[in-house]
Every structure is written in C-alpha cells, then in structure tokens.
Amino acid sequence: MDAARSTYERALTWFEWISRIPRGSGDTGRASVAVASWARDRGLEVTSDEFGNLVIRKDATPGREGEPSLALQAHLDMVCQKVAGSSHDFSRDPIDVVEEDGWLHADGTTLGADDGAGVAVCLAILEDEGLSHPSLEAVLTVDEEVGLVGAREMDCSRIRSRRMLNLDLTVAGQFVVGCSAGTEARVSLPLSRERGVREVVRLTLSGLRGGHSGIDIALPRHNAALLMGEVLSRLLSGGRPDGGHAETVAADGALAGLALVSLRSGEKRNAIPAEATAELALPAGAGPEAARDLDRALGPVRAALARACTGDDAGARLEAERLGEREVGLLSAKEAAAALALLSELPQGVSAMSREFPGATETSDNVSIVRLGEKGLDALVSVRTNRPGGAGPIVAGVRAACERAGAALEVEGGRDPWLCDPESPFVCEARATYRALFGEEPTVTTTHGGLECGVFSEALPGLEVFSLGPDVENAHTPSERMRLESLERLCAFVRALVEGTEPRMAVDQGR
Ligand SMILES: [Zn+2]
C-alpha cells in the first residue's frame with residue numbers, strides 16, 4: 001500500500017478511537033491519560049502536566065539527529081453541541097462517527113474533527129515506523145476552545161522544537177501565518193427603576209444565523225442584540241429600525257405608557273448573538289386592548305424586520321408571549337431611550353480588511369453579550385484585530401459613546417496578534433513541499449480567529465509556526481463535518497514535510 005495512504009488510514013483509525021473518549025473542554029482527563037498511555041505503549045517519551053497537556057517525543061531516525069526538531073501541535077478538547085432533543089451525554093457517550101458521501105459527521109452532535117483530526121494526524125505520524133523523520137514532538141493541549149487555557153498554562157520550556165505545525169485549521173489548502181488578538185470592552189450604564197405590578201409581554205427574536213465572531217464576522221449577518229435594540233426603540237418611541245420607512249408605531253399613541261423591563265442577548269464572547277429576548281410592561285391599568293395594540297404595533301415592526309433580514313438571516317422571527325401580571329422593575333421612558341441609544345451607538349462588524357492578505361479580515365468587533373436588568377445595561381464589545389494596535393479606533397469609538405451616555409467602560413486585553421513571517425525558511429520549505437506534492441501553491445493567509453500559535457510564539461522566541469488542517473464545515477455545531485479527501489491530503493503533506501525531500505542543513509538548536 002502507498003505509504004501516504006497508510007498514514008491517512010491510521011489517522012482515520014485514531015480519529016475514531018479518540019472519538020470514543022469523552023473530551024469536552026474542561027473534561028479532557030480521560031483523553032489525556034489515554035493518549036499518554038498510547039504513546040508509552042509505543043515506547044515514546046511522554047510528559048504530562050497537572051492540566052493534562054502532553055508533550056510526546058520521538059527520537060530522530062538514525063542519521064537525522066542533527067536536523068531541527070519539528071513539533072506537531074493539536075488540541076485534545078472539543079466543543080460539545082447537540083441538536084435539540086438529543087439524549088447524547090457528552091460526559092459519557094462516544095461520538096458516533098458516520099461516513100457519508102466522502103465526509104465524516106456525527107449523529108446529532110459535534111463531530112470533534114476540531115481538533116480530533118489534528119490529534120489523529122499526530123498519532124498517525126508518530127506511529128509510522130516506515131517514515132524517516134527528524135526528532136519529533138507532539139504538543140497536545142487541553143481546553144483550547146475555552147480561551148486557549150491549556151496552552152497558556154503550559155510550561156513551554158518542555159518544548160524543544162523551534163519549528164511547529166499547528167493542525168487546528170478548518171480550511172484545507174491554506175497555510176495560516178497569523179491570527180487575531182482580542183480586546184474586550186465592558187460597557188455598563190447604571191439605570192434606576194421603579195417597581196410596579198404590570199401585565200408583562202416577552203418578545204423573542206430568533207431565527208438569525210449568528211456564527212463565530214472570528215470566522216463569520218464579514219458575512220452579511222445581523223446581531224440579534226442590536227436588532228432587538230432597534231425593535232424596542234421603535235416600539236417605545238416610534239423610532240425606525242430600517243432607516244426611514246413610513247410606519248411609526250407610536251404615531252397613534254396606542255403604546256404610550258409601555259415600559260421596558262429587560263433585554264438579554266448573547267451567551268459567548270466569540271459568538272454573534274443569534275437570539276434576543278426582551279420584556280415589556282403594558283401601561284398600568286391597561287385592559288385587554290393594550291395587548292391587542294401591542295400586537296398591532298408589531299405588524300409593521302415584523303415587516304421592517306423581514307425587509308432587513310434576508311439571505312442567511314431570512315429565518316428571523318419576532319414572537320410575543322403574554323406572561324401575565326407580575327411585579328417588575330420599570331425603566332422610565334427617558335432611561336430606556338438612553339440605554340437603547342447607547343446600544344445603537346456601539347460599533348458592530350468589520351472595520352478593516354487586510355492589505356497584505358487579500359480577502360482576510362483585519363479588524364472587527366462584535367457586541368457579544370448584552371444584559372439589561374435590575375442594575376442597568378451591561379454590554380460586552382469583543383474586538384479582534386490582526387494588526388498591532390488595531391483595536392484602538394474601535395475602543396475609542398466605544399469610549400466616546402460611553403462618555404455621551406454617562407456609562408462606565410473597562411478595557412481588557414490588547415495583546416499583540418500573532419504573525420509569522422510568511423517568507424521564513426520553514427514556511428518556504430513547507431510551500432515547496434506542498435508545490436512538489438500537489439502541483440499548486442497553498443494560500444498563505446491569516447485567520448481572524450484565535451489560534452494557539454500566538455501563545456507558543458510568545459513563549460518560544462524564534463519559533464517558526466504556521467497552521468493548516470482539513471476541510472471542516474460548521475465546526476462547533478451539530479452539523480460539523482470533515483471532508484475525507486482533505487484529511488488524506490493533509491496526511492500526505494505532513495508526511496512529506498516530515499520526511500523532507502531536499503537535503504537539509506544541520507543546525508545547532510542551542511538547547
Ligand atoms: Zn480547534
């Protein structure tokens with residue numbers, strides 16, 4: 001059998017094996033122990049730390065000891081998401097891996113190809129006794145998906161290599177040499193309320209696509225938190241969410257006395273909010289006609305939403321549900337208007353595209369978590385940039401909006417983003433290998449997402465690292481799937497790079 005084909009088949013075997021071990025972020029103990037004993041069983045040197053991060057080492061093939069050591073890097077944890085109604089228990093049940101039309105997918109859950117595929121490629125390469133290789137390391141981290149926690153906590157002095165392949169990309173054919181760094185701007189506007197017993201109506205905005213704020217931010221998709229803010233402005237004051245249509249809700253005065261109680265949208269700092277809920281209190285002493293008036297007022301709001309929400313967001317729905325009478329905290333019209341005005345001034349989306357890497361997003365922000373409740377309005381603005389200092393103008397815009405509204409602002413983060421020289425010797429060698437193997441150039445670019453490469457580059461001066469991977473669609477969702485052909489190509493490429501086609505110079509690694 002063709003050697004590269006056999007690496008691919010081993011990778012599939014180890015992918016199915018790792019898929020049987022529960023390994024959601026925060027629950028990687030069993031996977032880490034299993035992979036460590038897998039390596040020990042094969043006579044490989046393994047070091048583990050208290051978090052479960054692993055470094056597995058394999059000595060160079062005789063004659064190649066003088067070459068620079070190469071690290072293959074992946075993360076052990078996966079995102080656990082399942083379809084509504086699934087009885088899958090991620091703490092106990094294996095992932096069902098299904099092959100269909102050249103793809104692997106799971107049965108109603110995330111597949112965990114992000115980054116089980118990377119782990120599987122590491123094991124397949126380490127196991128391959130027929131492969132000539134320099135000294136190899138596999139650096140396998142935990143809890144990447146919850147803020148690169150494993151990599152950040154890791155004692156990187158355990159890593160000897162100064163050349164590293166990160167196997168955590170979800171687009172085949174790309175060499176990614178840079179990723180974004182995040183800055184979080186926390187906005188809080190204190191608001192006072194009056195208690196009152198009122199008939200309460202809950203509005204739910206759903207059916208938007210949302211997405212990952214690093215990967216999907218350039219797509220024409222709405223932010224549910226901001227859209228709900230516009231809906232509320234319109235209901236409370238007759239403001240116009242779609243920029244100037246004739247209908248105004250408050251024109252007939254029917255909704256005078258409507259009060260804002262709460263707004264809630266977004267759960268994760270790296271997701272574009274796809275859903276929002278708000279509670280409104282009907283006017284005091286209002287009869288059943290008040291609810292009917294609200295229903296009527298929602299008609300033009302829904303029509304405006306339908307006009308604004310097309311393409312990916314065409315499934316947007318705004319539903320109203322009567323919750324009955326209860327005691328709630330009511331915002332005055334003035335305070336509600338101030339909160340909604342502040343929300344409407346927060347920037348959202350892409351503010352700069354890369355000049356060096358065509359088509360790559362350089363700077364963006366996402367209003368990721370919004371809570372309007374008892375204490376006031378809290379909004380988290382998550383900024384990403386691939387340019388040092390790139391977050392500055394967005395943070396300045398948020399600060400100006402906060403000053404106008406009298407809101408407090410806390411800013412956190414502001415690390416420099418990772419960028420590896422695309423002309424570095426390692427990347428050039430990898431490009432030549434790719435060209436020789438596939439007869440075409442890889443696309444050298446940056447990602448607007450986050451990668452562990454940045455953490456390792458900071459910790460290991462002189463590290464040359466880039467990221468690549470198979471095609472994985474819909475990562476982090478139950479529709480995640482991996483294209484088998486792209487995994488086969490990835491295996492062939494990693495194998496060829498490890499094996500080396502050109503004579504290499506021995507270098508002193510200084511360790
Ligand atoms: Zn990943």
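Residue numbers start from 1 along each chain, following the sequence as written. Because the model is predicted, local features are reported at pLDDT of at least 70 and side-chain atom pairs at pLDDT 80 or more, whereas totals for chains, interfaces and linings use all residues. Secondary-structure elements are DSSP runs numbered from the N terminus, with helices being H or I runs of at least four residues and strands being E runs of at least two.

Helix α11 (residues 484-499) comprises 16 residues and extends 22 Å between its first and last C-alpha atoms, close to the 22 Å expected at 1.5 Å a residue, where the expected span is 1.5 Å times one less than the number of residues. Burial was assigned from C-beta atoms placed from the backbone, a residue being buried if 20 or more other C-beta atoms lie within 10 Å of its own, exposed if 12 or fewer do, and partly exposed in between. By this criterion the buried residues of α11 include Leu487, Leu490, Cys491, Phe493, Val494, Leu497 and Val498, together with Arg489 and Arg495. The buried residues of this helix pack against α1 (3-19), β3 (70-75), α3 (113-127), β7 (163-166), α9 (425-438) and β23 (481-483). Just after α11, glycine 500 adopts a positive phi of about 80°.

The largest nonpolar core contains 73 residues, and Ala11, Ala120, Val121, Cys122, Leu140, Phe466 and Val494 have the most contacts inside it. Helix α3 gives the most to this core, with 10 residues. Such a core is a set of buried Ala, Val, Leu, Ile, Met, Phe, Trp, Tyr and Cys residues joined through C-beta atoms within 7 Å, and two residues are in contact if their C-beta atoms, placed from the backbone, lie within 7 Å. Cysteine 122 touches Leu72, Ala74, Ala138, Leu140 and Leu167, when residues up to four places away in sequence are not counted. A second, separate core of 66 residues includes Ala225, Val231, Ile369 and Leu372.

Strand β18 (residues 376-385) is largely enclosed by the rest of the structure, because 8 of its 10 residues are buried. Strand pairing requires that DSSP find at least two bridges between the strands. Strand β9 (residues 181-190) pairs with β18 in the antiparallel sense over 10 bridges, and β17 (residues 361-372) runs antiparallel to β18 with 9 bridges. Valine 383 of β18 is the bridge partner of threonine 183 and also of aspartate 365. A hairpin joins β17 to β18 through 3 residues.

Most residues other than glycine have a negative phi, and most peptide bonds are trans. The peptide bond from aspartate 114 to aspartate 115 is cis, with omega near 5°, and aspartate 115 lies in helix α3. Leucine 148, in the loop between β6 (136-141) and α4 (149-153), has a positive phi near 55° and is buried, with 20 other C-beta atoms within 10 Å. Asparagine 474, in the loop between β22 (472-473) and β23, also has a positive phi near 55°, but counts as partly exposed because it has 16 C-beta neighbours inside 10 Å.
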